[in-house]
Amino acid sequence: MHLPISDKIELNILHQNSHQAEKNKVKFNNYNLLCLNIMSSPGAGKTRLLEMTLEDLSKEFQSAVLEGDMTTNLDAARLEKLNIPVVPITTGRACHLDANMVSGGLKLLEKKINPDILDILLVENVGNLVCPAEFEIGEHFKVALLSITEGEDKPLKYPIMFREADLILITKVDLLPHLNFDINELKSNIASTNPKADIIEISSITKSGFDLWQKWISKKILKFKK
Amino acid sequence: MEEWAEKKNKEKIVVEKINLKIGEFTCVEPISLINTFNAAVLGSWLDSSEITIETIPFEGKCSKCNRSYFPKKENGYKSPCCNFNLEEIISGRELKIASIDFKEK
């Protein structure tokens with residue numbers, strides 16, 4: 001045996017994922033298609049948000065959804081009722097979507113529809129506040145949801161998710177009068193890890209905040225298409 | 001690793017250590033990574049290799065006075081000097097294979 005050799009590599013452990021994410025992004029760009037990665041804990045309201053968003057968004061823009069789910073197609077079935085292209089991605093035991101899965105989802109979407117006609121692709125990630133934050137999928141923006149029933153401290157407990165997000169939607173705010181919840185403390189906790197994030201408070205019951213959320217999306221699509 | 005090994009001619013080398021740099025501000029728990037690695041390489045060409053992890057501290061820069069500091073959850077990640085929110089991260093997001101130690105057979 002020879003003496004040990006040390007080979008300097010300095011390679012990102014997730015470089016294969018990052019590389020595939022870059023390829024996905026090139027594809028999205030070629031299709032002139034804005035991609036949002038929607039993330040949250042389970043039950044924060046991602047699917048309900050998409051149902052309500054797509055109802056209005058479809059009047060102005062052509063949309064499609066990649067629907068990440070660990071074991072079922074239940075969420076995809078809900079969204080298919082809106083008559084938009086939906087591709088379910090069942091991750092099995094994996095707790096997040098990665099760039100390869102999204103690439104596969106995009107290929108299935110291409111079989112359903114020519115993505116050239118689309119304006120926006122909404123990717124609903126698996127409900128989880130940890131791993132999805134580390135795995136790029138080629139998205140242009142990350143949107144994180146946080147429902148007020150989860151507590152004010154979540155941005156401190158899961159800082160990377162809220163640090164990475166471009167927009168944070170505080171959901172279920174219609175419950176504020178019924179809970180001992182300090183929304184200013186939550187906003188302060190968000191600001192402490194990500195002072196640059198946009199924040200919108202929304203409720204799928206009262207529809208409050210949906211106008212701001214729709215405006216945020218429209219602005220991003222129009223800016224992207226310029 | 002496979003790509004790297006093919007370039008080195010996998011049959012003619014023995015990997016001793018895979019040296020990682022993992023930032024404190026990542027979603028990776030070092031002990032879980034080591035356990036997973038040990039389980040994953042059992043019976044493979046990497047069976048006799050081990051992982052070493054250099055933890056890279058989570059360091060931010062105060063956007064008011066430009067001083068570097070170590071953000072703490074207990075303090076809401078704010079700078080201790082000016083009590084400013086965390087804007088710039090200097091280090092702590094690393095997830096890298098820094099180097100590989102190997103011997104030629």
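**View 1. Strand S3 of chain A and its two parallel neighbours.** In this predicted model, five bridges join strand S3(A) to strand S4(A), residues 86-90, and the two strands run parallel. Within this pairing, the residue of S4(A) that stands opposite Asp69(A) is Thr90(A). S3(A) also pairs in the parallel sense with strand S5(A), residues 120-124, again through five bridges, and here Ser63(A) stands opposite Ile120(A) of S5(A). Six of the seven residues of S3(A), which spans residues 63-69, are buried, so the strand is largely enclosed by the rest of the structure. Together with helix H3(A), residues 74-80, the strands S3(A) and S4(A) make a right-handed β-α-β unit.

**View 2. The seven-stranded sheet of chain A.** The strands of this open sheet follow the order S4-S3-S5-S2-S6-S7-S8 in chain A, and their pairing is parallel. Strands S4 and S8 (198-201) of chain A stand at the edges with a single partner strand each, so one side of each has no neighbour in the sheet. From one strand to the next, the twist averages 20 degrees. Further into the order, strand S2(A), residues 34-39, pairs with S5(A) in the parallel sense over five bridges, and Ile38(A) has Glu124(A) as its bridge partner in S5(A). Helix H8(A), residues 210-225, packs on the sheet and touches S2, S5, S6 (141-147), S7 (167-171) and S8 of chain A, while the direction of the helix makes about 145 degrees with that of S8(A).

**View 3. Helices H1 and H4 of chain A, packed against each other.** Helix H1(A), residues 15-30, and helix H4(A), residues 99-112, pack with their axes 8 Å apart and at an angle of about 30 degrees. Since angles under 35 degrees count as roughly parallel, that makes H1(A) roughly parallel to H4(A). The crossing in which H1(A) passes H4(A) is left-handed. On the side of H1(A), the contact is made by Asn17(A), Gln20(A), Ala21(A), Asn24(A) and Lys27(A), and on the side of H4(A) by Ala99(A), Asn100(A), Val102(A), Ser103(A) and Leu106(A).

View 4. Gly105(A) has its place in helix H4 of chain A. With 23 other C-beta atoms within 10 Å, Gly105(A) is buried, because a residue counts as buried if 20 or more such atoms lie within that distance. Leaving aside residues up to four places away in sequence, Gly105(A) touches Leu66(A), Val87(A) and Ile89(A). Between Gly105(A) and Gly138(A), which are 33 residues apart in sequence, the C-alpha to C-alpha distance is 13 Å.

**View 5. A four-stranded sheet with strands from chains A and B.** This open sheet has the order S1(A)-S6(B)-S1(B)-S2(B), and its pairing is mixed. The strands at the edges are S1 (5-12) of chain A and S2 (50-56) of chain B, each with a single partner strand, so one side of each is left without a neighbour in the sheet. The twist in this sheet averages 20 degrees from one strand to the next. Where the two chains meet in the sheet, six bridges join S1(A) to strand S6(B), residues 95-104, and these two strands run antiparallel. Lys8(A) stands opposite Ser99(B) of S6(B) in this pairing.

Key: Residues are numbered from 1 along each chain as its sequence is written. Chains are lettered from A and ligands numbered from 1 in the order in which they are written. This is a predicted model: local features need pLDDT of at least 70, side-chain atom pairs count only at pLDDT 80 or more; totals for chains, interfaces and linings use all residues. A residue is buried if 20 or more other C-beta atoms lie within 10 Å of its own, exposed if 12 or fewer, and partly exposed in between; C-beta atoms are placed from the backbone. Two strands pair if DSSP finds at least two bridges between them. A crossover is right-handed if, with the strands pointing away from the viewer, the path from the first strand over the helix to the second runs clockwise. Axes are lines fitted to C-alpha atoms, for helices over the stretch in contact, and angles run from 0 to 180 degrees between N-to-C directions. Angles under 35 degrees count as roughly parallel, over 145 as roughly antiparallel, 65 to 115 as roughly perpendicular and the rest as oblique. A crossing is left-handed if the near helix is turned anticlockwise from the far one by less than a right angle, and right-handed if clockwise. Two residues are in contact if their C-beta atoms, placed from the backbone, lie within 7 Å.
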